Amino acid sequence: MGNALVVSVLYIVVAVSLTIWLAATLYRNGLELLRQRDDQQPLLAQATSRLLVIGFALFTLGYAFLLLQVRGEMTGVVALQFLIRRLGILLVSLGLLHLLNTLIFLRFRRSRAEEDAAERGGRRPSRRTSVSGDEPPSEQARLRRGDR
Amino acid sequence: MNGAVIVYLVYVALAIALISWLGVLLHRDGRIFLDDVFRSQTDLAAAVSRLLVTGFLVFTLGYALLLLRIDVGATPIAALRSSVQQFGLLLLSLGAMHSLNMLILLQVRRRAVSRRAGASRDLGEGRRGRVVSR
């Protein structure tokens with residue numbers, strides 16, 4: 001087995017397992033973020049989380065495979081340098097992408113909390129204090145309800 | 001296996017140890033900040049903290065790998081010199097990143113506290129019980 005093949009196989013194994021691990025982490029913790037305390041639609045959080053994570057996993061795998069460009073046979077040292085360089089690039093970009101995803105989840109959470117607050121405020125003003133979001137209702141949500 | 005390779009392996013081991021230690025630290029102490037931001041919803045703070053730490057770990061490990069320059073033909077002394085230099089660079093950038101992380105956490109907490117204070121003023125009695133006293 002040539003060095004190029006060994007490097008490719010190693011790289012693909014690392015890329016795939018890393019993607020699976022990151023996707024699982026994102027799904028589990030993202031679900032926690034999207035859930036509301038007294039959720040009217042519990043399936044919504046699950047569906048949102050799953051859809052976001054699937055997009056992330058597909059993008060990541062595609063990027064990882066595009067990044068691996070083996071050109072011909074390599075000597076052992078060159079192969080090792082190639083593998084380390086590719087893995088470094090992959091890890092850095094996946095790390096950044098993961099942080100970006102976390103921000104997206106937080107954004108989703110905030111908008112959902114605001115919507116809930118607006119709906120509840122319209123129908124049952126007395127329950128306003130039980131809004132479970134980490135944010136108090138935004139300026140807009142409050143104006144929409146006509147608090148001021 | 002020659003001397004140079006051993007030096008490089010030591011570099012990788014040290015980098016991994018350092019990064020995992022930083023990750024543990026960030027997770028443990030960052031959570032306390034996040035607990036406050038999310039008003040003691042502990043599950044939520046833990047989830048956000050785990051997500052952030054995962055991103056930090058993956059990014060930093062990749063950065064450490066990118067810094068690594070392997071030259072198997074080098075004498076052990078030369079390899080040691082370049083490894084020490086790489087490690088210094090790694091430490092510097094990790095230190096900078098850690099400080100940046102701290103600043104972000106502080107900023108997030110300050111914003112949450114001031115937002116809470118504003119909300120309690122607007123909503124009157126209803127929310128006052130939930131505002132953390134400073």
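Q: Hi! What pattern does chain B follow, read along the sequence?
A: Chain B of this predicted model reads α-α-α-α along its sequence. That comes to 4 helices and 0 strands.

Q: Thanks! Which residues have the most contacts inside the largest nonpolar core?
A: Those are A:Leu91, B:Val48, B:Leu61 and B:Ala64, in a core of 47 residues.

Q: And which elements give two or more residues to this core?
A: From chain A there are helix H1 (3-34), helix H2 (42-67) and helix H3 (76-123).

Q: Which one gives the most?
A: H2(B) does, with 15 residues.

Q: Back to B:Leu61: what is it in contact with, leaving aside neighbours within four places in sequence?
A: B:Leu61 is in contact with A:Leu91 and B:Ile19.

Q: New topic: which element of chain B has the lowest mean pLDDT, and which the highest?
A: Helix H4 (residues 125-128) of chain B has the lowest, at 48, while H2(B) has the highest, at 87.

Q: Where is the pLDDT of chain B below 50?
A: Over residues 127-134, a stretch that still has 10 contacts in the model beyond near neighbours in sequence. Where pLDDT is low, the predicted coordinates should not be read in detail.

Q: What about the mean pLDDT of chain B?
A: The mean is 80, and 89% of the residues in chain B reach 70 or more.

Q: Last one: what ipTM and pTM does the model score?
A: The scores are ipTM 0.74 and pTM 0.75.

Conventions: Residues numbered from 1 in each chain as written. Chains lettered and ligands numbered in written order. Predicted model: local features only at pLDDT ≥ 70, side-chain atom pairs only at ≥ 80, totals over all residues. Core = buried A, V, L, I, M, F, W, Y, C linked by C-beta atoms within 7 Å. Buried ≥ 20, exposed ≤ 12 C-beta atoms within 10 Å, placed from the backbone. Contact = placed C-beta atoms within 7 Å. pLDDT = per-residue confidence, 0-100.
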